[in-house]
Structures are given as C-alpha cells and as structure tokens.
Amino acid sequence: MTNQILVFFGVVFAAVFILMIGITVPVFGERKQIEKRLRRRIGHLSESNRHQSPQSLLRQKYLKKLSPLERQLESLPVIEQLSRLLEQAGHNKLAYRFVLYSMVFASAVGTLLWVLSNIIWVGLAAGVIMLIMPFIKLRYDRLKRVEAFEEQLPEALDLMTHSLQAGHPFNECIQLVSEEFPDPVGKEFGLAYADLNYGNDLRWALLGLLERIPSITLVAFVTSILIQKETGGNLAEVLKNISAVIRGRFRFHRKVKTLSAEGRLSAWVLTLVPFVLFGIIWLTTPDYIAVLTGTPEGQKLVMYGLGGILLGILWMRKLLNIEV
C-alpha cells in the first residue's frame with residue numbers, strides 16, 4: 001500500500017511538472033524571421049564592438065569578487081550562458097552554485113524516494129524532475145521579467161519623450177527613467193546609465209541593455225535609437241511613435257489571448273482528466289489500481305501514458321502558441 005501511495009503522489013507530481021512545461025507558456029510568440037532581421041541590423045550597427053561582448057557591470061562586479069577557481073567555473077561556456085539567463089531573470093546568484101544546489105537537492109529527493117518506495121524508476125524520475133524544475137522556474141522568471149519590462153517600456157518612453165521636449169539630453173532621460181520606475185525598467189536603465197558614466201558610449205550601453213533583456217520590442221527600440229544617432233532627426237518624435245506601436249501591439253496580444261482562452265481551458269481539462277480519473281479509481285477501488293501500480297507491466301504502462309500526455313501537451317502548446 002505504501003508503494004501505491006508513493007506511486008500515486010509521484011504521478012500527481014509528474015502531472016504538475018508536465019503542466020508547468022506545457023501550459024504555462026506565452027500565448028503568443030514572436031515572428032522569428034522578423035526577430036532575426038532586427039538582430040542582424042543590431043549586429044551591423046555593433047560591428048565596431050565585435051571584439052568584445054557587452055558584459056554587464058553586475059557580472060563584472062561578481063567576477064572580481066570570486067576566487068580563481070570560482071572564476072574559472074564561471075567562465076565555462078555553459079555556465080556563462082546560465083549566468084546570462086540568471087541575470088535576465090533578475091536573480092543575483094552565481095551560476096555554478098545554482099547548478100550545484102540543484103544537483104544536490106535532486107539527488108537527495110531521488111535517493112529518499114528510492115529508499116522509501118524500493119522502486120528505482122520512482123527515484124530516478126523524481127531526481128530528474130527535481131533537477132529540471134529549477135531551470136524551468138528560471139526560464140519562467142525570465143519570461144515574466146521580460147513581459148514586465150515590455151509593459152513598463154511605453155510609459156518609460158513617454159517620460160523620455162517629455163524630458164527630451166523639455167530640453168534634457170538623452171543621457172539624463174535614461175537617468176530619469178532609472179529613478180522614477182521600479183524593477184525591471186528602472187534597474188536596467190540604471191545599469192545602462194552606469195555604463196555611460198563609466199565612459200562607454202551610447203551604442204555600448206544600449207547593446208548591453210539588449211543583452212540583459214532579450215525582447216523583440218527592445219530590439220526595435222535600440223535599433224531606432226542607434227539609427228537616429230547616426231542619421232539625425234527628431235528623437236522625441238521617434239520615441240513617441242515607438243511607444244504608440246508598443247501599445248498597439250499589446251492591445252492586439254490581449255485580444256489574441258482572449259480569443260484563445262477556450263483552447264487553453266480545453267488544454268487544462270484534457271491534461272487533468274487522466275490524473276483525476278486515476279485518483280478517483282485509486283480512492284474507490286484501490287485493489288483495481290494495484291494491478292497498474294504494483295506490477296512491472298503496469299508501471300511501464302504508467303510511464304508510456306505520461307509520455308503520451310507529454311506529447312499531447314507539446315502539441316497543444318504548438319497550436320496555442322500563435323506567432324504575431
């Protein structure tokens with residue numbers, strides 16, 4: 001009976017994990033071709049700085065405080081990518097420690113469940129899930145932070161527009177945004193202003209901002225600013241037009257989200273029905289469900305069923321992820 005309870009809670013935990021992967025995704029995506037074209041334009045604008053990457057002041061501060069061994073670990077290619085992801089998510093953590101803590105926690109949970117259930121696949125599955133979940137949570141935090149930045153950006157652009165019309169230089173407009181707005185816009189524009197104070201040019205500061213906030217909206221903003229600095233023109237009018245475009249884009253996104261609400265609700269129902277039925281049968285006729293959870297063949301069927309549910313969720317995600 002204990003094994004059945006552990007298997008049941010393991011299946012429920014797997015259901016929550018699968019839902020986090022498949023359902024909690026943005027309803028709309030970016031047109032990848034448009035994003036690639038804009039990023040190529042940014043690449044052409046930053047050719048003069050190709051010999052160095054726009055590394056944030058925050059990461060430079062971290063690296064200076066580390067021991068030589070820690071600095072080598074943080075310089076590994078995979079760890080560098082994870083450090084960038086942590087920074088984009090707004091977490092002030094060292095990447096190698098994040099990986100180490102995740103591995104230790106996953107190993108402890110997997111070993112504990114293996115000892116309690118005496119079923120090796122339960123321990124392995126729990127260990128793998130607990131190892132992956134922190135990274136899924138990290139990407140989710142990054143997504144939410146980018147979305148919060150994009151929601152605050154039109155108001156920040158309006159403030160910069162009024163400041164420019166009042167006669168303030170562009171650098172002071174960036175400082176004003178960093179002082180008046182909360183995280184993430186205030187913090188990121190503050191780092192950009194700190195880049196300018198350290199002697200870097202505007203191009204470098206904006207490319208660093210784009211490195212920390214991977215947003216197609218910000219790509220368009222940075223592109224417009226850099227082109228305006230080279231060709232001239234009314235910068236206040238440019239920012240005003242960008243703000244209007246971003247607001248219209250968000251209105252369209254909300255409309256798409258409303259129209260796709262029925263499909264997302266159907267995805268939740270179709271995903272939860274198998275687990276609800278499993279729980280009802282387990283509570284009403286535990287001897288019947290024991291054939292499924294207490295035999296090797298039944299356990300294989302459970303794994304196959306979870307795999308099929310995962311494929312179904314990924315397919316529903318593809319249907320709901322509308323590119324605009």
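Helices (H or I, at least four residues) and strands (E, at least two) are DSSP runs, numbered from the N terminus. I noted that this is a predicted model, where local features need pLDDT of at least 70, side-chain atom pairs count only at pLDDT 80 or more, and totals for chains, interfaces and linings use all residues. Residues are numbered from 1 along each chain as its sequence is written, and side-chain values use heavy atoms, with hydrogens and water left out.

**Entry 1: helix H5.** I looked up what follows H5 and found Gly90, whose phi is positive, near 85°. Then I checked the length of H5: its 12 residues should span 16 Å at 1.5 Å a residue, and its end C-alpha atoms are 17 Å apart, which agrees. The expected span is 1.5 Å times one less than the number of residues.

**Entry 2: partners of H5.** I saw that Leu82, Leu85, Leu86, Glu87 and Gln88 in H5 meet Phe135, Leu138, Arg139, Arg142 and Arg145 in H7, with contact meaning heavy atoms within 4.5 Å. I sorted the residues of this contact into five nonpolar, one polar and four charged. Here Ala, Val, Leu, Ile, Met, Phe, Trp, Tyr, Cys and Pro count as nonpolar, Asp, Glu, Lys and Arg as charged, and the others, Gly among them, as polar.

**Entry 3: Phe221.** Leaving aside neighbours within four places in sequence, I found Phe221 in contact with Leu157, Phe189, Leu206, Leu239 and Ile242.
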